[in-house]
Amino acid sequence: KRFAQKRQARIAALEARAVPAVEAADRFFDRLAEGIDALRRRDAALCDWAETHKGKALGLAGAAGALVLLCALIVGSSTAYEYYYHGKLMGLVKDQQDVLSTVELIGDDLGYLYGANVRIDAEQDISFKRVHRFGAKTDGKEDILNTITYMRNMEFTGYGLYVNGSRVALLDSEESVEAVLHTMQESFLQRGEDREYLEIGFAENTETREVTAKLGELDSREEALQYLMTGGIAQQFYTVQSGDTLSGIAAANGLTEDELSALNPGVQPTRLQIGQQLVVSNTVPLLTVQTVEVTNYIEAIPYEITYEQTSNLYVGESRTKTAGVNGERQVVAKITRNNGVEVAREELGQTILSEPSPQVVLQGTKELPPLIGTGTFVLPVRGYTLTSRFGTRWGRMHTGIDMACAKGTPVYATDGGTVISAGWENGKGYTIRIDHGKNVTSVYAHLSAIYVSSGNKVYQGQNIGAVGSTGNSTGPHLHFEIIVNGNFKNPLDYI
């Protein structure tokens, strides 16, 4: 295609440079014609003169004949023909027959070259205009062949793919249309021994029509398939959240900021409002491949949960006594999909492979202890190793004790009270602080998990977190502190 465009550009440039020479030649021949008319008017006078001067007349007659012959040769050599295809100028030839014979010879080859039903009717499609182009370069048969071969406005018989009455693609044959549609369908199918397709089609109305069109409109199979797969647009909306920016929303939806702004005219990037709806668009297939399949699959049967009361747990506490186990069943179902996405399912039958086992959960009935400090303290963890005591360590004060145990070990409130804070504290990592009243506070640091929130009331022995190694820590342990009236105390004197 690029070669043909460059060729046409060069031809246009040559024709533009030839215009002054052609106009000069036309003026020359106009003056020549006027001279011949003058010669005719003098013919009678010459005849009279010839009768009286026969010798001289014979010499002049010979010179005049030579001049006429020369003029005829000049006129003949400057005569050429512009040739047109459906009114569009294609080039300049010396002999019309060169064009007609070339069209006749390559007519059948054009269809093979383009893979399309291309035909040229010389009488209807080709026309000529006689012109005088003194010294102009004319097309030879090879030039004519190349010109005709690369004409994009050449008419051909193609096959249009129509979706709901509108043409969406133009291909060379019905086979090509069917091949494109088949390839699109296959892209959404999931072949396998466990499924059988009952129906494969399109939700839209599709048809193939024979049409007469320009060769430049012809689509390749790849181009047609690409358009069918991405030519539709589904309008979608995004709700602005706290902290969102226009650039961030655009990037998350595969758009540039300019594209997102174009979809939402009037939206100011610096004045986004929480809850505001922005339009975002994604390309979707132009056609909807609709399938109906019968498939076999294995599905879990969820277990049930049963509850048992126990006085060993406080009210509100629960513990799993027996873990539940899901069962399995084999299902035969009829599934309808649009472009691979399930839109309907109908179960046709099932076979139970294993029954589920229920989960048994214990629920506490024991009355809760006071949610305030009792003045006595219990161990915050069990099964620990004391790895660092209270007091000066490495030249500075160690304000608590380190109780090493496995990560995930439950951490208990040493006494009842109110949670002051529960979250990240710099070097201490995840930390919980509890106010026990009477200016007594307990601290639990380096946790891997926190189960309470600031403001919660807790009772003595309640599981409030899990041992970890967050913050400045060399291994899983609980750093435990007791603070009385703002002063750090040795926890071992209290628990």
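Residues are numbered from 1 along each chain as its sequence is written, and side-chain values use heavy atoms, with hydrogens and water left out. Because the model is predicted, local features need pLDDT of at least 70 and side-chain atom pairs count only at pLDDT 80 or more, whereas totals for chains, interfaces and linings use all residues.

Helices (H or I, at least four residues) and strands (E, at least two) are DSSP runs numbered from the N terminus. In strand E1 (residues 79–85), seven of the seven residues are buried, so the strand is largely enclosed by the rest of the structure; buried denotes under 20% relative accessible area, exposed over 50% and partly exposed in between, with a 1.4 Å probe and protein chains only. In a regular strand, side chains alternate between the two faces of the sheet. Both faces of E1 are covered, with Thr79, Tyr81, Tyr83 and Tyr85 buried on one side and Ala80, Glu82 and Tyr84 buried on the other.

Two strands are taken to pair if DSSP finds at least two bridges between them. E1 pairs with strand E4 (residues 126–132) in the antiparallel sense over seven bridges, and Tyr81 has Arg130 of E4 as its bridge partner. Strand E2 (residues 88–93) also runs antiparallel to E1, to which it is joined by five bridges; here Tyr84 is partnered by Leu89. A hairpin is formed by E1 and E2 with two residues between them, and His86 in the turn has a positive phi of about 50°.

A nonpolar core is a set of buried Ala, Val, Leu, Ile, Met, Phe, Trp, Tyr and Cys residues joined through side-chain atoms within 4.5 Å. The largest such core has 21 residues, of which Val411, Ile432, Ile434, Tyr444, Ile464 and Leu478 touch the most other members. Strands E20 (401–404), E23 (429–435), E24 (440–450), E26 (463–467) and E27 (477–484) each supply at least two residues of this core, and the largest share, four residues, comes from E27. Another core, of 16 residues, lies apart from it and includes Val163, Val177, Phe188 and Leu228.

Ile483 is found in strand E27 and is buried, with a relative accessible area of 14%. Not counting residues up to four places away in sequence, Ile483 touches Arg433, Asn439, Val440, Thr441, Val443 and Phe488, contact meaning heavy atoms within 4.5 Å.

In helix H7 (residues 174–186), the buried residues are Ser176, Val177, Val180, Leu181, Met184 and Gln185. These residues pack against several elements, including strand E5 (155–163) and helix H8 (221–230).
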